[in-house]
Amino acid sequence: MMVAVLLPVAALLAWVLHDDVRRARNGAYDQVRNLAAGTAVELGRVLGLYESVLAQVSARPMVRALDPASCELLLSENPSPSSDALGFGVWDARGKSVCQYGPGLVPLARGSDRLEEAVAALSSGAFAASGVRVDDGRGRNLAALSYPIRDETGRNVGLLVMTIDLASLNHQLRTAAKGHAVVTVTDRTRAVLLRSTDPSDSVGSRLASDEPGPWGMSDGLALAKGSDGEPWLVASMTLPGVEWRVAAGLPEAAVLADFGGAVRRTIAIGLGLCLLVMVLAWRLSAAISGPVAQLQQAAGEVIAGKRLTGARLTGPPEIRSVAQQFNRMLDARALSEARREAVFASALDAILTVDEDRIIVQANPAAARMFGCPLDQLIGVSLKRFVPELLRRGRAEQAAVFVEAPVAPPATPAKRDVTALRLDGVEFPCEAWVSRISIDGPATYTAILRDISQGKKAEEDLRASALKLQAALASMSDAVCICDVDGRLVEINDAFASFHGFEKRSDCSRRLADYPELLDLFDRAGCLEALAQWPLSRALRGDAATNVEYLLRRRDTGAQRIGIYSYAPVLTDDGAIAGAVMTARDVSAMREVQLDLESSHLALQRLIASRDHVQEEERKRIARELHDDLQQRLAAIRMGLRLVTEQYSAGQPELSGLLAGIDGLAAEAVVSTRRIVNDLRPPMLEDLGLLPALEAMASQFSQQSGIACDIDVAGGRTDELLESPAVAICLYRVVQEALNNVAKHSRASAVRIQLGNVPANSISLRLRDNGRGMESVNRRKPESFGILGMRERVRAHGGVMHIDSMPGAGTVLDVLLPLAGAPSNACLFESDGEADSPDDAAEARLDDQVLPRLLGRATDHTLQDVIDAISGNVAVIDKHGTIRFVNREWRQFAHNNGDPDASSVGPGASYLEVCRRSSLDDLSALRVLRGLEAVLSETRTAFSCEYPCHSEIEKRWFRMHATRMIRGDAMVAHFLVRAERHVLTRREDSGPKVTPSSPAIVRSPKDRHGLA
């Protein structure tokens, strides 16, 4: 009790003494600080005065000019600001003296340190002060003050230097320092410039860097020992701009001498107070020692676990209050113990408490469940039985696991992955945290174990799933991207990088928001899509779609590609959006091929239409020739035979029989001719229309094949076909080819032909047989040219054809053709004399995407087969005009026109050269030459013209069409437009004869070089 009372009194006394000493020391520090500050202010004032003088002198023009004569006169006229200034000097930028006035100047180049000071002063461009210099003549300590000399542009051109006497300046310093105070001024090299005591011995000397004392201290206040070992209070500061340092010091003993008496009085008063307090404490302890002892005994019993009830409430009110708080603490402790037991029992992790021998002294129910062991069988068992890995190591490692375990609380124990054993011996992985508790006795250890077997399995499954995902992404040719809900790309594959124009995946940004700066995305209509309408953004909003086409363009390179995107959101179990997945496929090449294929279809349709037109015209011409010429001649022969018979056969039965036989043959020839004419171009089709022509064909088919053939017309629409002769011819030829196939392959007994009543401006045809039918694969065999020809003929007229057939169920052929708007084949071959056809520009635009573009991708062998299958005289020439390939009809035409080997117009011959030779006397050849040169030079995509090619027995007109192919070659085709039987006059016979099989104008059988 007495100690408890005396301690505050002693502390109060110590605080009073400490406060007195502190105030005394602070006063001394203030005195030293004021002394240093006053000296610095006074020294700064003097230096400022010198600086103003130097600034005025350096600004004068004669000084700026660095003229020695005018400069020295000016310096001699300039009054010194004080008696300290000994003279002036001017130096140029190279350190060479220009002029000087006064006896105290020292050249700048004297000594390396002084030269360095001059260079530093020139480079700083401001007022500067040097260190100590010695006047060799008089032994005076000097200092140089420099100021830069600037020209009109502000550039430093020299230095104005003033030399001052440090002894005169030191006198002012000694006047300011009084008593025991010591003031010292040093330069940046620790050389003493000024000193208030013993200046003659100190000024000019240099302080060592390790010299003790107050003068080597840094700026501020400090307590240091002087050279005599006595403590000094020191204040120091540096003058700005000149790097002179002022240090002021006072002996600590002199500063604190006035406070000794006050300290002794304070000690005496403190001793008296301590005596009084001791008496009061003895009386107070006698009144409260009993209750306190009782309370102490109760606390000891609680600590030892021998008491659970509270202490008695006796003694002074303060003691009774403490006893009440003690009892409340016991209640709170009991409640805390109950809560701890509840937490211990309800914890999901296994908790084991072991002693220093690693014996389990406490376990919770979770531990019993984890190890498959009753709780009472865990207590008293070694931890090694259930967690051998913690004790399986060597003795030293075991000790490290437990002894190095952190004390809990507050340290957090380290987690360890160990293998534990259940009661049945099954191993399982778990995480273990071991902490040590040591409170006034042997240490105990708490191990918290968590079964992680399910977590390990989940991690392995997740790792395997991630590897499978990465392998799947790497093997996919489509670009794949998976992003989270914040738009961060968490997974991309190599195809994603290449699809978007990056060299590798690491070059791709992982933020969706960065891609609009790199890429532009356009929809199918060509509109630029904002980021909110990009596939991933749509998927993050919950949208899903497949095969959406976009145009992608790189902003830096301008490279474009077409891609089809599929996207969908990634949903959690509760339906929330957790991310999005997107796939993209580059279909640029496929779209280009599709366009080429569509163009080739159009070109093929035009080619077939032109072929059909040429064939029909040729059939019409031949039929007319047979009808008008051959039949008439046969009729004339028969008439002549009758006349001969009447005049000469009387009485000559043999001659009469012979003439009768000849007349019979002529009659059969007339019938055959009529049949051939009807097959080539039935006059009934032109004169009466489609229906009568079909009825006649059906009747003839039934007579020849024995197959019943009926025709049914619905709606009476056949009159409209009279206005569409091309459609009528198309339907007639389709029925003709179909009946031919029925007779050859179907083994049918009946055929029914129906012309249907369909929507306006269209007509339908259905042909049905009851034959054996056919497999679907047979319809697309390469040699099925009949079906292919029908299909392309119908397609060329803007119609569609469909075949429905099953083995054993017959065959149904359906055709639908428009009556209006069908392409007019005649316009493609209409001659316009010397000029191009009126539709030549449109034809050239269409032929920019025709069959030659697709043929350009074929190999040489395939290309030869393709052009052999094309009707007309066709050749392929290279960009120089040399013939590469010709088809069979080209060779046959050349053979028929005097060039059996096609040597002059075959592969290897120059098509352009032949045209040039022929163009000398034929305008048609010149026209062809110019058109071909335009196609080969790529100034035109196509060229067409119609030209005459007459022989001795007929007049012929051909259509030539030249089209550029994608590899730089060109395809040239010649089609016979019309022919007229004619015997040339002598004048006509002198004209050129054009051979469409080659670029040759055949002037005679011996001259086969010219234009086709």
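On a 1 Å grid over the protein atoms alone, a cavity is a set of points where a 1.4 Å probe fits but cannot get out. Grid points are joined across faces, edges and corners, and a volume is the space filled by probe spheres set on the points. By this rule, the structure above holds nine cavities of 30 Å³ or more. The structure is a predicted model, in which local features need pLDDT of at least 70 and side-chain atom pairs count only at pLDDT 80 or more, while totals for chains, interfaces and linings use all residues. Residues are numbered from 1 along each chain as its sequence is written, and side-chain values use heavy atoms, with hydrogens and water left out.

Let us step into the second largest cavity, with a volume of about 130 Å³. It is lined by 14 residues (those with an atom within 4 Å of a point), and the closest to its centre are His500, Leu512, Trp534, Leu536 and Met582. The lining has 13 nonpolar residues, one polar and no charged; here Ala, Val, Leu, Ile, Met, Phe, Trp, Tyr, Cys and Pro count as nonpolar, Asp, Glu, Lys and Arg as charged, and the others, Gly among them, as polar. Strand 18 (519-522) and helix 16 (535-540) each supply at least two of the lining residues. Helices (H or I, at least four residues) and strands (E, at least two) are DSSP runs, numbered from the N terminus.

From strand 18 we can walk on to its partner. Strand 18 pairs with strand 19 (residues 545-554) in the antiparallel sense over four bridges, where pairing takes at least two DSSP bridges between two strands. Phe522 stands opposite Leu551 in strand 19. Strand 19 also pairs with strand 20 (residues 560-571), again antiparallel, over seven bridges, and Glu549 has Ile564 in strand 20 as its bridge partner. Five residues lie between the strands of this hairpin, where Gly558 takes a positive phi near 75°.

Elsewhere, an open sheet of five strands runs in the order 7-6-10-9-8 with antiparallel pairing. Its edges are strand 7 (192-195) and strand 8 (220-225), each pairing on one side only. Three bridges join strand 6 (residues 182-186) to strand 7, and Val185 has Leu194 as its bridge partner.

Finally, look at helix 20 (residues 690-705) and helix 21 (residues 725-746), whose axes, lines fitted to C-alpha atoms over the stretch in contact, come within 10 Å and cross at roughly 15°. Therefore helix 20 is roughly parallel to helix 21, a term for angles under 35 degrees, on a scale from 0 to 180 degrees between N-to-C directions.

Methods: 1 Å grid on protein atoms, 1.4 Å probe; cavity = no way out; pocket = protein on both sides within 12 Å on 5 of 7 lines; lining within 4 Å. Parallel < 35°, antiparallel > 145°, perpendicular 65-115°, else oblique.
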